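Work through the exercises below with the sequence and the model open. Try each task before reading its solution.

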Amino acid sequence: MEKEIYTGKFIANAKGFGFVEVEDLETDIFIGDMDIKGAMHGDTVEVRIRTYRGGKRPEGVIVKILERGITEVVGTFQRRKNFGFVVCDNQRILQDIFIPLEKMNGALDGQKVVAEITEYAEKGKKPEGKIKEVLGFLDIPGTDILCIAKDYQLPLGFTEKQLTQAERIAKPVSEADMFGRMDLRDTVMVTIDGEDAKDLDDAVSLTKEGDMYKLGVHIADVSNYVQENSALDREALERGTSVYLVDRTIPMLPEHLSNGICSLRPDEEKLTFSAIFELDDNANVINYRIGRTVICSDRRFTYEEAQEIIETGKGDFAEELLQLNHFAQELRKQRFDNGALDFDRVEVRFEIDDNGKPLSVYFKQSKEANKLIEEFMLLANRTVAEFIGKQSSGKKAKT
């Protein structure tokens with residue numbers, strides 16, 4: 001049989017075998033435990049196909065490791081008299097990491113650690129490494145979450161340069177900042193978020209003019225503070241998003257920005273980017289406008305507070321919230337009539353005390369207040385995408 005060589009990514013299985021994902025092949029190449037040849041999960045490898053299982057699935061052997069995919073691992077340190085091992089948390093990493101005595105860095109038996117791989121497995125030898133960081137014993141609250149963050153290489157802090165830059169630019173909104181923006185500070189404006197949310201990055205507004213309504217969806221204008229290709233911009237691009245863990249949030253931007261000047265807290269002037277829609281009573285979009293604005297939120301609602309008002313019809317801004325809920329339901333119906341998919345799923349949440357000890361597990365219910373915000377965000381995102389598409393194609397777009 002003619003030999004076939006492909007390049008792809010090795011995906012290990014906890015049972016000892018693996019597969020190589022190749023872009024040009026519809027089916028992954030199966031690699032038996034004797035044919036891995038020292039490759040580790042995530043490595044870029046060359047693989048030779050030597051047979052086809054049942055005439056269909058290719059089976060091969062790794063012939064060359066082109067690039068290593070993993071340089072650090074998180075696991076449990078097991079101490080012996082003159083050496084130790086790290087048993088990896090990631091079960092796809094099939095080998096323990098051998099740690100020489102002089103590279104233990106004070107780690108104790110049973111502690112969770114981060115180990116840097118210094119030598120990879122060759123000719124039957126185990127991979128070798130050194131302890132880079134000791135995370136602590138697993139029975140200490142927070143160690144388990146720290147292990148997850150380290151295992152996924154999530155950044156847990158910002159550099160001094162990034163923090164200094166964030167502190168320097170996170171100043172109250174000035175008259176110069178507001179120049180050229182639509183002034184919406186007198187428009188009734190609210191935010192609706194989770195009870196523990198601190199980065200209030202979106203707000204909604206609603207006014208009525210004759211038989212028509214003006215619905216505003218307002219997003220914090222982070223671009224006013226984070227300049228392109230700055231240290232903060234590059235870090236945000238690398239992070240991609242904020243990450244929400246059980247006991248902490250790993251923000252995309254430092255708190256001076258995410259929880260401060262870019263958080264749409266009530267009774268504070270904030271710079272925003274807004275999509276303002278003219279709607280009829282059935283939530284049909286008659287017209288829209290997109291632009292930079294300045295707002296001042298009137299009230300922060302939690303989802304639970306907003307939901308109670310929707311259900312009872314009583315409370316602050318009840319008229320606005322009930323009308324917003326009506327529009328959200330109409331927009332949702334329009335989406336599903338046009339073939340949208342329902343991705344609603346049950347979300348599990350954890351209640352923990354101040355020491356990180358779990359107290360209870362419960363299901364988070366997504367009610368009208370949650371879906372209200374979701375629908376308006378979808379409407380704004382879809383409209384902005386269409387707006388950018390028209391600009392790119394040279395068509396006239398509303399600004």
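A residue counts as buried under 20% relative accessible area, as exposed over 50%, and as partly exposed in between (1.4 Å probe, protein chains only). The model is predicted, so local features need pLDDT of at least 70 and side-chain atom pairs count only at pLDDT 80 or more, while totals for chains, interfaces and linings use all residues. Residues are numbered from 1 along each chain as its sequence is written, and side-chain values use heavy atoms, with hydrogens and water left out.

**Exercise 1. Overall form**

Task: Describe the protein chain by its radius of gyration, its box and its share of buried residues.

Solution. 
Step 1. The radius of gyration is taken over C-alpha atoms, and the globule rule is 2.2 Å times the number of residues to the power 0.38. For 399 residues a compact globule would come near 21 Å, but the protein chain has 27 Å.
Step 2. Along the principal axes, the C-alpha atoms fill a box of roughly 80 × 55 × 45 Å.
Step 3. Of the 399 residues, 40% count as buried.
Step 4. Helices (H or I, at least four residues) and strands (E, at least two) are DSSP runs, numbered from the N terminus. The protein chain has eight helices and 21 strands.

**Exercise 2. Helix H1**

Task: Find which residues of helix H1 are buried and which strands they pack against.

Solution. 
Step 1. Helix H1 covers residues 143-151, and its buried residues are Thr143, Ile145, Leu146, Cys147 and Ala149.
Step 2. Contact means heavy atoms within 4.5 Å. The buried residues of H1 pack against strand E6 (72-79), strand E9 (112-119), strand E10 (128-136) and strand E16 (249-250).
Step 3. Just after H1, Gln153 has a positive phi of about 55 degrees.

**Exercise 3. Aromatic pairs**

Task: Classify the ring pairs Phe17 with Phe19 and Phe85 with Phe98.

Solution. 
Step 1. Rings of Phe, Tyr and Trp (its six-membered ring) pair if their centres lie within 6.5 Å; planes under 30 degrees apart count as stacked, over 60 as edge-to-face and the rest as tilted.
Step 2. The whole structure holds eight aromatic pairs. In one of them, Phe17 and Phe19 have centres 5.9 Å apart and planes at 90 degrees, which is edge-to-face. Phe17 is partly exposed because its relative accessible area is 24%, and Phe19 is partly exposed at 23%.
Step 3. Phe85 and Phe98 are also edge-to-face, with 5.7 Å from centre to centre and 70 degrees between the planes. Phe85 lies in strand E7 (residues 83-88) and Phe98 in strand E8 (residues 97-100), so this pair ties together parts that are 13 residues apart in sequence.
Step 4. Phe85 is buried at 17% relative accessibility, while Phe98 is partly exposed at 25%.
Step 5. Ring pairs also link Phe17, Phe19 and Phe30 into a cluster.

**Exercise 4. A residue in a loop**

Task: Decide whether Gln95 is buried or exposed and list what Gln95 is in contact with.

Solution. 
Step 1. Gln95 sits in the loop between E7 and E8.
Step 2. Its relative accessibility is 18%, so Gln95 counts as buried.
Step 3. Apart from its neighbours within four places in sequence, Gln95 is in contact with Gly38, Ala39, Met40, Cys88, Ala121 and Pro127.

**Exercise 5. Salt bridges**

Solution. 
Step 1. A salt bridge is a side-chain nitrogen of Lys or Arg within 4 Å of a carboxyl oxygen of Asp or Glu. A search of the whole structure finds 21 salt bridges.
Step 2. A network of salt bridges links Arg332, Arg335, Asp342 and Glu375.
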